[in-house]
Amino acid sequence: MPVDNLPLPDPQRLFDGAPCALVVTREDGTIVQANQCFSDWTGFSLDELKERRFQDLLTMGGRIFHQTHLGPLMKMQGSIAEVKLDLLHRDRRTVTVLLNGVRYEHAGIAYNELALFGTTDRDKYERELLNARKLAEALLQEKTATEVALQQAQAELSSAYEIAQRRALFAEQMVAIVSHDLKNPLTAIKMASEFLARGERSPKERQLLGHIGLSTERAQRMIADLLDFTQARVGQGIGINPVALDLHTVTRDSLDELRVAFPKAILEHHATGSARTFLDADRIQQIIGNLVANSVAYGDLQQPITVTSHQDAQESRLSVHNHGPAIPEALMAGLFEPMTRGTEQDSEVRSVGLGLFIVREIAKAHDGGVSVSSSPDQGTSFSVHFPLRHP
Amino acid sequence: MDLQQRNNVRVYGSGPTTLVFSHGFGCDQTMWNYLFPHFTGRFRVVLYDLVGAGQSDLSAYDSEKYSSLAGYAHDLGEVIDEYAVGPVVLVGHSVSAMIGALADRQAPGKIAAHVMIGPSPCYIDSGDYTGGFTLEDIHSLLDTLDSNYLGWSSTVAPVIMGAPGQPALGEELTNSFCRTEPDIAKRFARVTFLSDNRQDIAGLMTPTLILQSTDDLIAPVCVGEYLHAALPASTYCLVDNVGHCPHMSAPGACSAAMDSFLLPWVGADASR
């Protein structure tokens, strides 16, 4: 039998039994016809519905939306689709629906025909999506704010770093100027005290002149250190003038002078290997002087301080060993940086804290390096090594 | 700033007086299509979209500026300065009636008269005042807006299934009516429904026609009566209409009331 000839239910039966809510309203929303599904969703009988307006069966948000969006759109466009609303059941339950509608005129009167599809489950899912989106947006906003704050902090940090660098440079330049300017008055003091010492002096005067002389020499050493430091830091690095020399001889001469300067210390010299090399003799003496002064300041003066000079075909090496207490682990890393001191103790021989820094800078100027080892059993040993140089 | 682009300004007709039509919350200037042609023979008519609505320039939306109606009122003042000729009568629907009142306060004399359609100075009940809504109702609206923008991918208004009897409606036109960026729509809903302009309209001396629908959920009769009492130079006209848009559903009654109110501003030729 052809499909055309199959008996179908009458249109009213199709309307009433449709698997969605169908409503026909006047333009002002007054319901003129509705099907069973709509009656079920709202809890009102078909007769009761005909006394009501469609918008009165919505939640307040939906009613406002109906007035400001849905109604005007139906009027202007003649149709609408996929508007999500909540129907308000007579027992205050809500039923979430998707609404499609068309507007048509019949016998000079405008009608809105609405089809509503239940979407409660999908609505739950959509709300989850919506919440997830809100959360994502909030997180994004937070992330953006954090990034902005981080950038600002970085900018502040870098500007603070620049300021600190400028201040440090300024301070180092000032140290250079002041040290340089102090040299002349100190020389004058030393010359004047030497001149005074030549005359007839009482024992007390002689003792005082001795103090002046020693103090002046100490001040001159400090200034020499400061000048070396500033030269290394703000200048072109410490300058050297290498000549052919025998490291053992230079070390021996140096120790002879140091025994006079540190009469309480026991200084021993070990010489190993033999070869001539090219080094700056004055700077080598300065290294030995600084390392020995360090050992005198921090070592155990009851036991000998051993200075070892070594030279072979590959390198020259100087090391100074003492039996003092071990250097604290925390200090080891920064030991060769300027203004580092082994302890806070005050001492006659203490300098401004540049000794080891200058040792390292002199070693670097010779393409060499420095190292240190320290333990309670073995004592402390500073070593400086120089690659063998040729003129 | 190009005002034409920013506010999608359209000018029609000519006459000694300019009628500026300002739409309300929801759609755009298209809402005036049932009413404004009635006036183009006797008046210069200016239509525009509030920034954020219709075909306004969305990039001009500044959430700071438009966080209060004063920002919209400032824009209206600029549109009047640029496009009006002669005295200006502002025809404002819903929230735009208050935007007009604020523009009037910002520059007294710029607006000669107001036609307020479905106006409300305050939507939320407070004390003795009945605005018709509670704060909860407004949150329910924001929720409905949220639900619908979820389905309307990004900037799209409800889809059109095809309009029987109006096949001429093109895609371009149909999509624009209620198109708003979701975030802007919610902000505008907040600023519209949470504003309290009762202080601003109290004692405003500019002649005003209040067009009040007999059955309006958004602006109930008691609100229209409140405004009539608060505005000393107001004419109150009750229009037999269900809904918030009498200019769409009862344009004849609106234009009749407006014709008689506007008589003093019609040119000598037209009034004879």
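In what order do the strands of the open sheet in chain B run? Some notes on that and a few other spots follow.

1. Ground rules. This is a predicted model, in which local features need pLDDT of at least 70 and side-chain atom pairs count only at pLDDT 80 or more, while totals for chains, interfaces and linings use all residues. Residues are numbered from 1 along each chain as its sequence is written, with chains lettered from A and ligands numbered from 1 in the order in which they are written.

2. The sheet in chain B. The order is β1-β3-β2-β4-β5-β6-β7, an open sheet of seven strands with mixed pairing. At the edges sit β1 (10-12) and β7 (234-242) of chain B, each pairing on one side only. On average, neighbouring strands are turned by 20° against each other, direction ignored. As for terms, helices (H or I, at least four residues) and strands (E, at least two) are DSSP runs numbered from the N terminus, and two strands pair if DSSP finds at least two bridges between them.

3. A parallel pair inside it. Strands β4 (residues 88-93) and β5 (residues 113-117) of chain B run parallel and are joined by five bridges.

4. Helix α10 of chain B. Residues 251-262 make up this helix, which lies across β4, β5, β6 (208-215) and β7 of chain B and runs at about 170° to β7(B). Angles here run from 0 to 180 degrees between N-to-C directions, using lines fitted to C-alpha atoms (for helices, over the stretch in contact). The length checks out: at 1.5 Å a residue, the twelve residues of α10(B) should span 16 Å, and the end C-alpha atoms are 16 Å apart, which agrees. The expected span is 1.5 Å times one less than the number of residues.

5. Its two sides. C254(B), A257(B), M258(B), F261(B) and L262(B) are the buried residues of α10(B). They fall within an arc of 125° when seen down the axis of α10(B), so they line one face of the helix; the arc is that of the directions from the helix axis to the C-beta atoms. G252(B) and S260(B), on the other side, are exposed. Buried means 20 or more other C-beta atoms within 10 Å of a residue's own, exposed means 12 or fewer, and partly exposed is in between, with C-beta atoms placed from the backbone. The cover over the buried residues includes β4, β5, β6, β7 and α9 (246-249) of chain B.

6. Chain B as a whole. There are eleven helices and seven strands, and 50% of the 272 residues are buried. Of the contacts with a separation of 6 or more, 74% are between residues 24 or more positions apart. A contact needs C-beta atoms, placed from the backbone, within 7 Å.

7. Strands in chain A. β9 (residues 305-311) and β10 (residues 315-322) of chain A run antiparallel over six bridges, forming a hairpin with three residues between them. S309(A) is bridged to L318(A). β10(A) also pairs with β12 (residues 379-387) of chain A, in the antiparallel sense over eight bridges, and there S316(A) has F386(A) as its partner.

8. Two backbone spots to look at. E82(A), a residue other than glycine, has a positive phi near 60°; it lies in strand β3 (residues 79-88) of chain A and is partly exposed, with 16 other C-beta atoms within 10 Å. N8(B) also has a positive phi, near 45°, but its place is in the loop between α1 (3-7) and β1 of chain B. N8(B) is buried, with 20 other C-beta atoms within 10 Å.

Conventions. Two residues are in contact if their C-beta atoms, placed from the backbone, lie within 7 Å.
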